[in-house]
Number of protein chains: 2
Amino acid sequence: MSVSERIQKSMAEGSWIRRMFEEGAIMKQRYGEENVFDLSLGNPIIEPPPEFRRELKRLAEQPLPGMHRYMSNAGYDETRAAIASQLSLETDIKFTSNDIVMTCGAAGALNVVLKAILNQGDEVIIFAPYFAEYVHYIDNHYGVARIIPTDEQFAPRLDALENAINEKTRAVVINSPNNPSGAVYSKERLHGLGELLRKKETQYGTKILLISDEAYRKIIYDGLKYPFPLHHHTQSLIATSHSKDLALPGERIGYIAIHPECHQREELVNGFIHLNRTLGFVNASALMQHLVRHLQAVTVSVAEYQQKRDFLYEHLIEMGYSLVKPQGAFYIFPKSPLEDDVAFVRELQQLKVLTVPGRGFGTPGYFRIAYCVEDRVLEGSLAGLRQAAQKFGPG
Amino acid sequence: MSVSERIQKSMAEGSWIRRMFEEGAIMKQRYGEENVFDLSLGNPIIEPPPEFRRELKRLAEQPLPGMHRYMSNAGYDETRAAIASQLSLETDIKFTSNDIVMTCGAAGALNVVLKAILNQGDEVIIFAPYFAEYVHYIDNHYGVARIIPTDEQFAPRLDALENAINEKTRAVVINSPNNPSGAVYSKERLHGLGELLRKKETQYGTKILLISDEAYRKIIYDGLKYPFPLHHHTQSLIATSHSKDLALPGERIGYIAIHPECHQREELVNGFIHLNRTLGFVNASALMQHLVRHLQAVTVSVAEYQQKRDFLYEHLIEMGYSLVKPQGAFYIFPKSPLEDDVAFVRELQQLKVLTVPGRGFGTPGYFRIAYCVEDRVLEGSLAGLRQAAQKFGPG
């Protein structure tokens, strides 16, 4: 008895993020917590906002009858309505609760959606650098990931997309603000992307679902107004969570919001609800659904993240690193001064700074820094980052 | 764009449980909540025990730093250790925290385990009547469900099992106390089952994992001591949750406990942890993990369920229904007085009593009553049950 060949292979490839995180945990034991500067994991240090604390206290003191029971696999109507209402406000698209399915985080949302639409061998397009888990999610349901490059600003390359789409293309997954690059996709690029998808839909007589992973939507900087991908293609949906905007990653609370004008919207939603159940998620946490219902207009302090970004960005530039200034999320994705990004990350590790090699995101030659950490960790990491830059020159 | 053929098929077959539940919701709107007697869903009416309420209040008032963040995909060490310790006490098997993986309910546990061990086309044996979701869980990961019958007491038929096992058999899933029959498998039958598995392992040079779904383990009656399946086969694990024993079905908090002597235990556990992440569960709710850590010795009032069972059982016998007295869980599974169990359930529905046809559990000719409801619902259902019995005679 062992794990299946398929899973053995998947495990051997491993997750660079988790690997660095776990090696870091060992280093912290050896060298002391304060001497290891762990920038490997997007596990935000910020606590949930006070409004969340208040709601939790209120519910704990005055529990609603049956508030931990099963509900419809789609989630509570009230929570779905609250999300639809806030999303309508933000997007000017008219969502109703029927467009919302509560999920076990964005990860649950993506798995439910992919399982719903993929026949074995169907293709899903993702842009490198990408959130490494996408490859697993597509593979879980026997789909095929087609990986295409972004441009030097980490925006989707439409020429490459045009070449990659074929009659088996069922979906394109985008992630703006992006993990790991911090890029926020512009309205213009999204417009071009939507036009291209429709052109290809006509060419092949297919529908191509634009899946917009918006886990970092609320974490954007410099007063930027978020360009919603759903404005540029109606065959689309949002897969997202409150892991980042309410700092609840361990609670697995997220949702799918399908474009109200999506073709076969109702059939798709019924599929999502069915799969929420049959994939074993069943429903998003009942308690969390009660809580986030009242917190749709609330977000953690983005200013705090922006300060961290500014601090790190300025120092990295000054050290000579080559990088694009992130507009959102809490990652920065510099060029690796060494061509071999794993070798460079290992060098940083020797200097007690933990980061993740770009190949973990399908983009060798870069490395990812997660700056959702305490200031003392960021400050402490500078010496190692500087020393490595001096040793190998700019990237 | 529509849902895949595979999922369309799965949806068309539907879930009888959910279908009755949802038709019931419509009937309640039409006839008034108090006039429809819904015995269709295992959604316990009992609230979580006071100890849970106290813990939740304590944590809400004095939150731990970072208590909603990501943790290891296996779950918190402290929670896993608490579970291992309580399980060791109950089973006399020496579990450690390394044998425990926290999951998104028993459903998450089963999906993680099946995904870990199944190559496409591998077989998993289940006994009818079975929890209907098993078929989906096996199919999710491209396994093949082999369904074999139980005896007249709803205990696994070992002769049928012997015939069903072949070189592709990777696992046998059992569920004691059983949903839908309420049967608790005897030590003797489990002993025979274990011996048979080892005989077949030797014959085929394979390992066969005994997966014990123990979601209802704590809900047993008449002072019965629970016969642990893990005592009879070391190639085994428990997949369970706190949905029933702590009345938290909406919170999706459960775990895998692998037998410490399981062959390739460590590789399997690493696979489970990996798949917890890559299937999109990521981890069981952080808050719930903090809570159940202190509640391993706590259970809802089983006496309350036993009273409901006794009440219903005695009335059904008196009405002439043919049935086996359940020893656990909160279901009763009488013979359908009509050969066509769907027709009989539809008759009951006309009489405002909602149940689920046996074919929803792979066993036509029976119907399931879930008695985890308020007494007034049980009492109210008697008239309809009696009328149907009188109309069609005993089953």
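This short talk goes through some salt bridges in the structure above.

The model is predicted, so local features need pLDDT of at least 70, side-chain atom pairs count only at pLDDT 80 or more, and totals for chains, interfaces and linings use all residues. Residues are numbered from 1 along each chain as its sequence is written, chains are lettered from A and ligands numbered from 1 in the order in which they are written, and side-chain values use heavy atoms, with hydrogens and water left out.

Side chains of opposite charge can pair when their charged atoms come close. A salt bridge here is a side-chain nitrogen of Lys or Arg within 4 Å of a carboxyl oxygen of Asp or Glu. Over all chains, the search finds 48 salt bridges.

Take Asp122(B) and Arg170(B), a salt bridge with its closest N and O atoms 3.4 Å apart. The two residues are 48 apart in the chain: Asp122(B) is in the loop between α5 and β3, and Arg170(B) is in strand β5. Strands are DSSP runs of E, at least two residues, and helices are runs of H or I, at least four, numbered from the N terminus.

Are Asp122(B) and Arg170(B) buried or exposed? Both are buried. Buried means under 20% relative accessible area, exposed over 50%, and partly exposed in between, with a 1.4 Å probe and protein chains only.

Next, Arg386(B) in helix α13 and Glu318(B) in helix α11 are 68 residues apart. Their side chains meet in a salt bridge at 2.8 Å, N to O. Arg386(B) is partly exposed at 27%, while Glu318(B) counts as exposed at 51%.

Last, chain A: a network of salt bridges links Glu90(A), Glu214(A), Arg217(A) and Lys218(A).
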